[in-house]
Amino acid sequence: MERSAQRLGRALIVIVDDRVAHGEHDDNVGPLVTELLEEAGFIVDGVVSVEGETVAIRNALNTAVIGGADLVVTVGGTGVSPRDVTPDATQGVLDRPIPGIAEALRSSGLAAGAVDAGVSRGLVGVSGSTLVVNLAGSRSAVRDGMATLSSLVPYVIGELSGLDGN
(Lines give C-alpha, C1' and ligand atoms only; values in the text may rest on other atoms or scores of the structure.)
Protein backbone atom coordinates (compact mmCIF):
# COMPACT_ATOMS: atom_id res chain seq x y z
CA MET A 1 0.00 0.00 0.00
CA GLU A 2 1.41 3.33 -0.99
CA ARG A 3 2.43 5.75 1.70
CA SER A 4 0.51 9.00 1.50
CA ALA A 5 1.18 12.36 3.12
CA GLN A 6 -1.74 11.81 5.45
CA ARG A 7 -2.72 8.71 7.35
CA LEU A 8 -5.07 6.32 5.58
CA GLY A 9 -6.98 5.69 8.78
CA ARG A 10 -7.25 3.29 11.68
CA ALA A 11 -6.88 -0.45 11.32
CA LEU A 12 -7.51 -3.46 13.53
CA ILE A 13 -6.11 -6.94 12.99
CA VAL A 14 -8.04 -10.07 14.01
CA ILE A 15 -5.99 -13.26 14.24
CA VAL A 16 -8.24 -16.32 13.96
CA ASP A 17 -6.30 -19.15 15.55
CA ASP A 18 -7.39 -21.39 18.43
CA ARG A 19 -3.85 -21.99 19.68
CA VAL A 20 -2.91 -18.30 19.64
CA ALA A 21 -6.20 -17.34 21.31
CA HIS A 22 -5.54 -19.89 24.09
CA GLY A 23 -1.93 -18.77 24.56
CA GLU A 24 -0.54 -22.11 23.36
CA HIS A 25 1.37 -20.52 20.46
CA ASP A 26 2.89 -17.11 19.90
CA ASP A 27 1.32 -14.93 17.24
CA ASN A 28 3.91 -14.72 14.47
CA VAL A 29 1.61 -13.13 11.87
CA GLY A 30 0.06 -10.19 13.75
CA PRO A 31 3.36 -8.29 14.01
CA LEU A 32 3.93 -8.73 10.27
CA VAL A 33 0.47 -7.39 9.40
CA THR A 34 0.99 -4.51 11.84
CA GLU A 35 4.31 -3.61 10.22
CA LEU A 36 2.87 -3.73 6.70
CA LEU A 37 -0.18 -1.66 7.64
CA GLU A 38 1.93 0.96 9.41
CA GLU A 39 4.27 1.17 6.41
CA ALA A 40 1.17 1.74 4.28
CA GLY A 41 0.11 4.67 6.43
CA PHE A 42 -2.41 3.13 8.81
CA ILE A 43 -2.56 3.63 12.55
CA VAL A 44 -2.96 0.11 13.94
CA ASP A 45 -5.25 0.14 16.97
CA GLY A 46 -4.26 -3.39 17.94
CA VAL A 47 -4.19 -7.09 17.27
CA VAL A 48 -6.98 -9.26 18.67
CA SER A 49 -6.71 -13.05 18.77
CA VAL A 50 -9.91 -15.10 18.70
CA GLU A 51 -10.84 -18.75 18.46
CA GLY A 52 -12.04 -20.10 15.15
CA GLU A 53 -15.66 -19.82 16.23
CA THR A 54 -18.26 -17.89 14.25
CA VAL A 55 -19.54 -15.93 17.26
CA ALA A 56 -16.06 -14.93 18.46
CA ILE A 57 -15.04 -13.75 14.99
CA ARG A 58 -18.29 -11.89 14.42
CA ASN A 59 -18.00 -10.17 17.81
CA ALA A 60 -14.45 -9.01 17.03
CA LEU A 61 -15.56 -7.66 13.64
CA ASN A 62 -18.61 -5.88 15.06
CA THR A 63 -16.49 -4.33 17.83
CA ALA A 64 -14.05 -2.98 15.23
CA VAL A 65 -16.85 -1.56 13.08
CA ILE A 66 -18.61 0.05 16.04
CA GLY A 67 -15.23 1.37 17.24
CA GLY A 68 -14.78 3.25 13.97
CA ALA A 69 -11.96 1.27 12.36
CA ASP A 70 -11.46 2.15 8.70
CA LEU A 71 -9.98 -1.27 7.93
CA VAL A 72 -10.20 -4.67 9.60
CA VAL A 73 -7.89 -7.43 8.40
CA THR A 74 -8.64 -10.95 9.58
CA VAL A 75 -5.90 -13.55 9.27
CA GLY A 76 -6.71 -17.26 9.25
CA GLY A 77 -9.69 -19.56 8.94
CA THR A 78 -10.37 -19.04 5.23
CA GLY A 79 -9.93 -22.59 3.92
CA VAL A 80 -12.27 -25.52 3.51
CA SER A 81 -11.82 -27.43 6.76
CA PRO A 82 -14.72 -27.53 9.22
CA ARG A 83 -12.84 -25.11 11.55
CA ASP A 84 -12.36 -22.51 8.79
CA VAL A 85 -15.35 -20.28 9.54
CA THR A 86 -13.92 -16.78 9.09
CA PRO A 87 -15.76 -16.15 5.79
CA ASP A 88 -19.02 -17.40 7.30
CA ALA A 89 -18.67 -15.05 10.27
CA THR A 90 -17.62 -12.18 8.01
CA GLN A 91 -20.58 -12.65 5.69
CA GLY A 92 -22.91 -12.03 8.63
CA VAL A 93 -21.25 -8.65 9.28
CA LEU A 94 -20.91 -7.27 5.74
CA ASP A 95 -23.38 -4.81 4.29
CA ARG A 96 -21.89 -5.10 0.81
CA PRO A 97 -19.36 -7.60 -0.53
CA ILE A 98 -16.55 -6.53 -2.86
CA PRO A 99 -15.96 -9.78 -4.75
CA GLY A 100 -13.41 -8.27 -7.15
CA ILE A 101 -10.88 -7.69 -4.37
CA ALA A 102 -11.40 -11.18 -2.94
CA GLU A 103 -10.85 -12.65 -6.42
CA ALA A 104 -7.72 -10.51 -6.90
CA LEU A 105 -6.32 -11.93 -3.64
CA ARG A 106 -6.98 -15.50 -4.79
CA SER A 107 -5.57 -14.82 -8.25
CA SER A 108 -2.36 -13.22 -6.99
CA GLY A 109 -1.86 -16.08 -4.54
CA LEU A 110 -2.21 -18.65 -7.29
CA ALA A 111 0.15 -16.64 -9.52
CA ALA A 112 2.70 -16.70 -6.69
CA GLY A 113 2.46 -20.50 -6.57
CA ALA A 114 0.25 -20.87 -3.48
CA VAL A 115 -2.05 -23.71 -4.47
CA ASP A 116 -4.16 -23.20 -1.34
CA ALA A 117 -5.07 -19.71 -2.58
CA GLY A 118 -7.38 -21.37 -5.08
CA VAL A 119 -9.48 -22.87 -2.31
CA SER A 120 -9.57 -19.81 -0.08
CA ARG A 121 -13.10 -18.73 0.74
CA GLY A 122 -11.92 -15.36 2.07
CA LEU A 123 -14.28 -12.42 1.65
CA VAL A 124 -13.80 -8.68 1.28
CA GLY A 125 -16.55 -6.16 1.81
CA VAL A 126 -17.92 -3.15 3.61
CA SER A 127 -19.63 -3.01 6.97
CA GLY A 128 -20.87 0.49 7.71
CA SER A 129 -17.89 2.58 6.66
CA THR A 130 -15.33 -0.13 7.48
CA LEU A 131 -13.51 -2.22 4.90
CA VAL A 132 -13.19 -5.86 6.04
CA VAL A 133 -10.60 -8.14 4.42
CA ASN A 134 -10.06 -11.87 5.08
CA LEU A 135 -6.52 -13.13 4.50
CA ALA A 136 -5.22 -16.68 4.83
CA GLY A 137 -3.10 -17.45 7.87
CA SER A 138 0.39 -17.97 6.47
CA ARG A 139 3.07 -15.29 6.42
CA SER A 140 3.42 -15.66 2.65
CA ALA A 141 -0.34 -15.23 2.19
CA VAL A 142 -0.18 -12.09 4.32
CA ARG A 143 2.75 -10.62 2.36
CA ASP A 144 1.17 -11.45 -0.99
CA GLY A 145 -2.27 -10.28 0.11
CA MET A 146 -0.99 -6.97 1.43
CA ALA A 147 0.90 -6.37 -1.84
CA THR A 148 -2.29 -7.04 -3.78
CA LEU A 149 -4.24 -4.68 -1.54
CA SER A 150 -1.69 -1.86 -1.94
CA SER A 151 -3.58 0.14 -4.55
CA LEU A 152 -7.08 -1.09 -3.78
CA VAL A 153 -7.41 -0.27 -0.08
CA PRO A 154 -6.57 3.46 -0.31
CA TYR A 155 -9.12 3.80 -3.10
CA VAL A 156 -11.87 2.05 -1.13
CA ILE A 157 -11.07 3.96 2.07
CA GLY A 158 -11.26 7.21 0.09
CA GLU A 159 -14.63 6.21 -1.34
CA LEU A 160 -15.99 5.24 2.08
CA SER A 161 -14.76 8.42 3.75
CA GLY A 162 -16.02 10.71 1.03
CA LEU A 163 -12.52 12.17 0.61
CA ASP A 164 -12.12 10.96 -2.94
CA GLY A 165 -13.39 14.22 -4.39
CA ASN A 166 -16.63 12.82 -5.83
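How many nonpolar, polar and charged residues are there in the lining of the largest pocket? Hello everyone, let's begin with that one. The lining has nine nonpolar, 12 polar and four charged residues. In this count, Ala, Val, Leu, Ile, Met, Phe, Trp, Tyr, Cys and Pro are nonpolar, Asp, Glu, Lys and Arg are charged, and the others, Gly among them, are polar.

A word on the model before we go on. It is a predicted model, where local features need pLDDT of at least 70 and side-chain atom pairs count only at pLDDT 80 or more, while totals for chains, interfaces and linings use all residues. Residues are numbered from 1 along each chain as its sequence is written, and side-chain values use heavy atoms, with hydrogens and water left out.

Back to our pocket. The largest pocket holds about 420 Å³ of space. A pocket here is an open set of points on a 1 Å grid over the protein atoms alone, where a 1.4 Å probe fits, with protein on both sides within 12 Å along at least five of seven lines; lining residues have an atom within 4 Å of a point. The volume is the space filled by probe spheres set on the points, which are joined across faces, edges and corners.

The largest pocket is lined by 25 residues, and Asp116, Ala117, Ser120, Ala136 and Ala141 are the closest to its centre. Two or more lining residues come from each of α5 (99–111), β6 (130–135) and α6 (139–149). These helices (H or I, at least four residues) and strands (E, at least two) are DSSP runs, numbered from the N terminus.

Next, the second largest pocket, with a volume of about 350 Å³. Its lining has 18 residues, and those closest to the centre are Val16, Asp17, Asp18, Arg19 and Val20. Helix α1 gives the largest share of this lining, three residues. By class, we find five nonpolar, six polar and seven charged residues there.

The largest nonpolar core has 28 residues, and Leu37, Phe42 and Leu71 have the most contacts inside it. Such a core is a set of buried Ala, Val, Leu, Ile, Met, Phe, Trp, Tyr and Cys residues joined through side-chain atoms within 4.5 Å. Buried means under 20% relative accessible area, exposed means over 50%, and partly exposed is in between (1.4 Å probe, protein chains only). The largest share of this core, four residues, comes from α2. Apart from this core lies another, of 15 residues, including Val16 and Ala69.

Let's stay with α2 for a moment. Its buried residues are Gly30, Leu32, Val33, Thr34, Leu37 and Ala40. Their cover includes β1, β2, β3 and α6. Just after the helix, Gly41 takes a positive phi of about 105°.

Thr130 sits in strand β6. Why is Thr130 called buried? Because its relative accessible area is 1%. A polar atom of the Thr130 side chain lies 2.6 Å from the backbone oxygen of Ala69. Among the residues that Thr130 touches are Val65, Leu71 and Leu160; contact means heavy atoms within 4.5 Å.

Thr86, in helix α4, also counts as buried, because its relative accessibility is 0%. Its side chain reaches the backbone oxygen of Gly76 at 2.8 Å. Thr86 also touches other residues, including Val16, Ile57 and Asn134.

Conventions. A polar contact is a pair of N or O atoms within 3.5 Å; within protein, one must be able to donate a hydrogen and the other to accept it, and residues adjacent in sequence count only if both atoms are side-chain atoms. Lists of a residue's contacts leave out its neighbours within four places in sequence.
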